[in-house]
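Dear colleague,

I am handing over the structure below for your records. My findings follow directly after it.

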Amino acid sequence: MYGKSPALVLPLLLSLQLTALCPTEAVEIYTSGALEAVNGTDVRLKCTFSSFAPVGDALTVTWNFRPRDGGREQFVFYYHMDPFRPMSGRFKDRVVWDGNPERYDVSILLWKLQFDDNGTYTCQVKNPPDVDGLVGTIRLSVVHTVPFSEIYFLAVAIGSACALMIIIVIVVVLFQHFRKKRWADRADKAEETKSKEEEKLNQGNKVSVFVEDTD
């Protein structure tokens, strides 16, 4: 029995070595997790992925939706070499492909949001031989208005600063323009005055010459 032990251990060791050399392949998916958008607007549902295998024609992408208030899962979008829109249902004529598989982007655009679009959107990517992995999820909340967060305060502050700088530049340019114009006007007046004085002097000289000639 002792002599048979190495024969039993060898296949086990070989199996462990092969497992170490060939790690488990899986697609990793990245999404925003949670997203807010205003009713009636369009929204981009971003989904990117990474894969051990190069992206090829075998790549498939499936988007599904489950309403927030419960209910069955609904088909949203499918991609395999070409995009396939839903032919019926709530998302008909409202969803388009906005991804680029070469850049590992499989995002979609959802048009004309409605309040019943609230729910969880799932993004599943298979890139054979990478066919396993977690499904990406996005929890979409359709609201009347987006809350005025710190990002908006920052955007307003930056916009105000830019507007102020533009106003300052315009004021400086106008000031320089009017100052040059004023100098030009002064120069013209000085030249005109000088011309009048020279003309008077010439007329005086002509009168003197005429008087002398008369004498």
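In strand β9, isoleucine 108 is the bridge partner of leucine 45. Strands here are DSSP runs (E, at least two residues), numbered from the N terminus. Please note that this is a predicted model, in which local features need pLDDT of at least 70 and side-chain atom pairs count only at pLDDT 80 or more, while totals for chains, interfaces and linings use all residues. Residues are numbered from 1 along each chain as its sequence is written, and side-chain values use heavy atoms, with hydrogens and water left out.

β3 and β9 (residues 108–110) run antiparallel and are joined by 3 bridges; two strands count as paired if DSSP finds at least two bridges between them. Both belong to an open sheet of 3 strands with antiparallel pairing, in the order β3-β9-β8. Its edge strands, each pairing on one side only, are β3 (43–45) and β8 (95–97). From one strand to the next, the twist averages 30°, taken between axes that are lines fitted to C-alpha atoms, with angles from 0 to 180 degrees between N-to-C directions.

Strand β9 also contains leucine 110. This leucine 110 is buried because its relative accessibility is 1%, where buried means under 20% relative accessible area with a 1.4 Å probe and protein chains only. Not counting residues up to four places away in sequence, leucine 110 touches Thr41, Asp42, Val43, Phe91, Arg94, Val95, Tyr121 and Leu140 (contact means heavy atoms within 4.5 Å). The C-alpha atoms of leucine 110 and threonine 41 are 8.8 Å apart, although 69 residues separate the two in sequence.

Beyond four places in sequence, the contacts of valine 61 include Phe77, Val106 and Cys123. Threonine 60, in strand β5, is likewise buried, because its relative accessible area is 16%. Leaving aside residues up to four places away in sequence, threonine 60 touches Tyr78, Tyr79, His80, Gln124, Val125 and Lys126.

Methods
Helix = DSSP H or I, 4+ residues; strand = E, 2+ residues; numbered from the N terminus. Buried < 20%, exposed > 50% of the residue type's maximum accessible area, 1.4 Å probe, protein only.
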